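Look over the sequence and the structure first.

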Amino acid sequence: MNDSPRNDAPRDEVLLEVRNLTVEYVQPAPEPGVVACRDLTFDLHRGEILGVAGESGCGKSSLITALTRLQRMPAVTTDGEIWLHRDGGPPVDLVRLSERALRRLRWSEIAIVMQSAMDALNPVMRLGAQFADALREHHRGMNKKAAWARAAELVAMVGISPDRLRAYPHELSGGMRQRASIALALACEPALVVMDEPTTAVDVVMQRQILSQVLHMRARLGFAVVFVTHDLSLLLELADRIAIMYAGRVVEMGAARDLYSDPQHPYTRGLRDSFPPLFAPRQELHGIPGSPPSLTNPPPGCAFHPRCARRFEPCDDRTPLLMPRGGGHVACHLHSTAGNDAGPVPKEMSL
Amino acid sequence: MTARKTPVPTPVLEAVGVTRHFDVSGVLGRTQVVRAVENADLTLHRGEIVALVGESGSGKTTLARLLALFHPVTDGEIRLEGTVVRPGTKAAKAYHSSVQMIFQDPFGSLNSMRRVRHNIERALRLHGHAAASKAERRQQVLELLERVNLTPAEHFIDKLPHELSGGQRQRVVIARALAVRPSVLLGDEPISMLDVSIRLDMLNLLARLRDEDGLSLLYITHDIAGARYLADRVCVMYAGQLVESGPTEEVIQHPKHPYTRLLLESSPDPERLMNPELGSAFDRTVSPGEPPSLVSPPPGCRFHPRCPSARDECRRAFPGRTEFPSGQWTHCWLHGSGGNRLTAPSNTGDHQADQRR
Ligand SMILES: Nc1ncnc2c1ncn2[C@@H]1O[C@H](COP(=O)(O)OP(=O)(O)OP(=O)(O)O)[C@@H](O)[C@H]1O
Ligand SMILES: Nc1ncnc2c1ncn2[C@@H]1O[C@H](COP(=O)(O)OP(=O)(O)OP(=O)(O)O)[C@@H](O)[C@H]1O
Ligand code: SF4
Ligand code: SF4
Ligand SMILES: [Mg+2]
Ligand SMILES: [Mg+2]
């Protein structure tokens with residue numbers, strides 16, 4: 001094993017294939033639905049950390065709930081496929097899987113960590129009992145004692161002393177609760193863990209502590225992570241690859257290092273330059289002019305065009321497609337060759 | 001560069017040795033004392049931005065509330081332009097025209113039944129800045145909304161708070177504070193909910209208010225890089241005590257206190273990605289431990305249970321204040337027992353930051 005927890009997971013085997021995923025919030029007729037994720041296509045490899053970044057309302061949480069099928073009405077996956085590849089079994093399409101089959105995959109193959117640990121932990125159950133329940137549900141025949149022993153190992157991995165297993169969630173600090181919910185998500189050794197802003201509510205020291213533990217556990221257990229946050233500066237350090245979302249679409253995707261050193265999309269560049277440096281020389285910075293668009297009424301063409309300094313003739317009414325470029329992908333007319341764009345936006349979309 | 005070099009040496013607002021304890025009921029109904037802030041000194045000069053950073057629960061909000069006369073002090077005093085002020089006194093009313101606090105929670109601090117226009121007009125009226133005619137007052141409100149980039153302002157003026165996102169609400173709260181035309185602003189994580197692209201505009205706005213109007217700002221934040229971008233000085237708080245302070249660049253590039261170093265190492269810094277020599281800060285396997293209890297804080301230096309440099313004396317007594325030629329000061333045994341250190345400081349504290357550059 002390599003010293004760094006960043007580099008030692010296998011990256012070639014595909015775990016998840018997301019194809020043309022579209023998520024809508026259905027509105028009462030005659031209003032058109034709000035499209036929160038439009039035509040997302042990407043692969044996730046085993047053991048890989050894929051970061052998803054973008055401003056508020058761009059569809060990050062909608063993607064997460066679609067991947068885990070935890071979405072509630074009015075959110076509906078209206079198009080696309082999510083193929084999960086499993087060890088020793090045919091791939092399954094999570095979009096079309098029955099509730100029953102899905103329940104078997106939850107926790108054992110796919111686990112989720114939410115922004116608030118209180119959403120994941122049961123407030124009236126001792127921590128250890130919650131672990132024991134989750135473990136025994138997936139390992140039939142595991143006795144109570146073995147389950148508590150395994151729970152002790154799991155919480156120790158996230159730096160919680162096993163004697164805290166007898167505590168109720170409210171008796172733990174916020175950071176401990178969040179770490180406990182991460183350990184719980186990993187209890188059944190899932191292949192995929194999705195995390196939606198798991199450290200937004202904790203301070204930077206605790207954040208670093210929690211994420212170091214996630215990386216060390218990934219090195220040991222080999223799970224892949226989809227990590228959603230608005231904090232690109234954090235993601236650059238944490239993720240192997242990053243997808244940048246804008247107005248429901250992925251506008252750029254690539255290795256973290258490439259995205260930082262040579263962003264291709266004007267929005268990615270703007271986002272990167274919105275983070276003042278911690279040590280590099282100080283200089284006056286300017287954010288991205290304007291504000292993120294409303295998805296009820298997104299701008300036609302490239303949705304970024306009202307804020308883009310490099311906007312040119314095709315941008316106002318032709319939507320750029322996500323195209324390979326360098327080692328990654330980008331959706332911008334600056335990089336699209338003739339005939340590669342999505343063409344004029346159909347009327348109903350440009351409303 | 002946004003931060004200015006030398007502030008004008010007239011303290012506008014000052015906390016002198018302030019302490020705040022809270023009584024809370026503990027086990028068996030016995031009263032316990034939360035030592036939220038202990039013997040803190042903090043000065044704000046005219047036209048100066050001071051960042052207050054430190055971990056969650058370290059007492060930042062409590063210190064700001066003491067400065068805002070929102071809590072009475074348990075000990076010590078608050079001075080405005082050199083005059084001691086206490087909550088509830090006549091002087092306190094005038095005080096609120098000069099000192100405005102932006103609370104951490106923008107959900108609680110707006111009148112939720114009233115539209116944005118009413119919330120801001122009320123501040124204008126209370127502090128005698130409201131124009132005579134309705135049309136002019138509307139114009140005043142629109143201008144304030146535009147200043148905080150809530151544009152088109154007409155779109156926001158008649159919204160109710162619950163119709164706004166967290167970031168939009170935070171900007172209404174800033175606009176309302178600016179309506180008072182205060183000389184001091186106490187901002188408790190005032191832009192934490194804003195999207196990054198908009199955050200920079202707000203930081204630039206605050207810098208402009210400092211440079212053009214001489215505004216003084218206490219800026220509480222968890223975003224160290226943002227604090228560095230904006231602030232002239234930084235104060236670092238740990239477990240109720242100020243442990244280090246100094247000119248921003250000095251504190252960031254040459255931290256003296258081990259907690260300041262931990263804070264810097266923990267802050268996101270994409271440069272680490274490009275420079276493998278720096279190593280990923282995620283590589284550290286050691287757990288930096290839990291924040292301490294403020295009911296029974298560790299004796300001596302409160303950081304000692306988590307400090308990689310802790311030694312015997314650290315467990316016995318709280319270190320005195322050591323001052324450095326750079327304008328920094330700290331409370332840490334690594335830098336001697338206190339008293340002025342005007343010779344070159346030991347480089348123990350600079351080690352890691354120097355490696356970084
Ligand atoms: N129940 C709903 N009905 C209609 N539209 C909704 C609903 N929930 C979310 N949306 C819309 O879907 C879009 C995407 O929301 P989502 O929560 O996925 O964004 P996000 O990227 O996670 O934002 P944040 O960073 O603020 O969490 C938003 O623009 C929002 O307006
Ligand atoms: N009204 C109160 N009654 C009792 N205890 C309090 C009260 N207000 C604050 N405290 C306690 O004082 C300590 C300091 O709290 P404070 O809110 O000042 O921290 P903070 O540094 O602002 O934290 P954060 O970064 O999470 O906002 C905490 O232990 C808190 O629980
Ligand atoms: S497609 Fe046009 S408007 Fe969109 S990001 Fe590229 S240049 Fe800017
Ligand atoms: S006084 Fe001792 S324990 Fe405290 S920070 Fe300094 S070296 Fe560490
Ligand atoms: Mg979200
Ligand atoms: Mg606070």
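The text below takes the ligand sites one at a time.

This is a predicted model, where local features need pLDDT of at least 70, side-chain atom pairs count only at pLDDT 80 or more, and totals for chains, interfaces and linings use all residues. Residues are numbered from 1 along each chain as its sequence is written, chains are lettered from A and ligands numbered from 1 in written order, and side-chain values use heavy atoms, without hydrogens and water.

**Ligand 1**

Ligand 1 is surrounded by 13 residues, each with a heavy atom within 4 Å of it. The closest include Ser56(A), Gly57(A) and Lys60(A). The table gives polar contacts, which are pairs of N or O atoms within 3.5 Å.

| Residue | Atom in the residue | Distance to an oxygen atom of ligand 1 |
|---|---|---|
| Cys58(A) | polar backbone atom | 3.3 Å |
| Ser61(A) | polar side-chain atom | 2.8 Å |
| Ser62(A) | N or O atom in the side chain | 2.5 Å |

**Ligand 3**

The shell of ligand 3 holds eight nonpolar, three polar and one charged residue. Among them are Cys302(A), His305(A), Cys308(A) and Arg310(A).

**The magnesium ion**

Ligand 6 is a magnesium ion, and its protein donors are Thr61(B) through OG1 and Gln104(B) through OE1, at 1.9 to 2.4 Å. Donors are N, O and S atoms within 2.8 Å of the metal (3.2 Å for Na, K and Ca). Thr61(B) lies in helix H1 and Gln104(B) in the loop between strand E6 and helix H3 of chain B, so the pair ties together parts 43 residues apart in sequence. Thr61(B) is partly exposed, at 23% relative accessible area. Gln104(B) is partly exposed too, at 34%. Partly exposed lies between buried (under 20%) and exposed (over 50%), with a 1.4 Å probe and protein chains only.

Notes
Ala, Val, Leu, Ile, Met, Phe, Trp, Tyr, Cys and Pro count as nonpolar, Asp, Glu, Lys and Arg as charged, and the others, Gly among them, as polar. Helices (H or I, at least four residues) and strands (E, at least two) are DSSP runs, numbered from the N terminus. A polar contact is a pair of N or O atoms within 3.5 Å; within protein, one must be able to donate a hydrogen and the other to accept it, and residues adjacent in sequence count only if both atoms are side-chain atoms.
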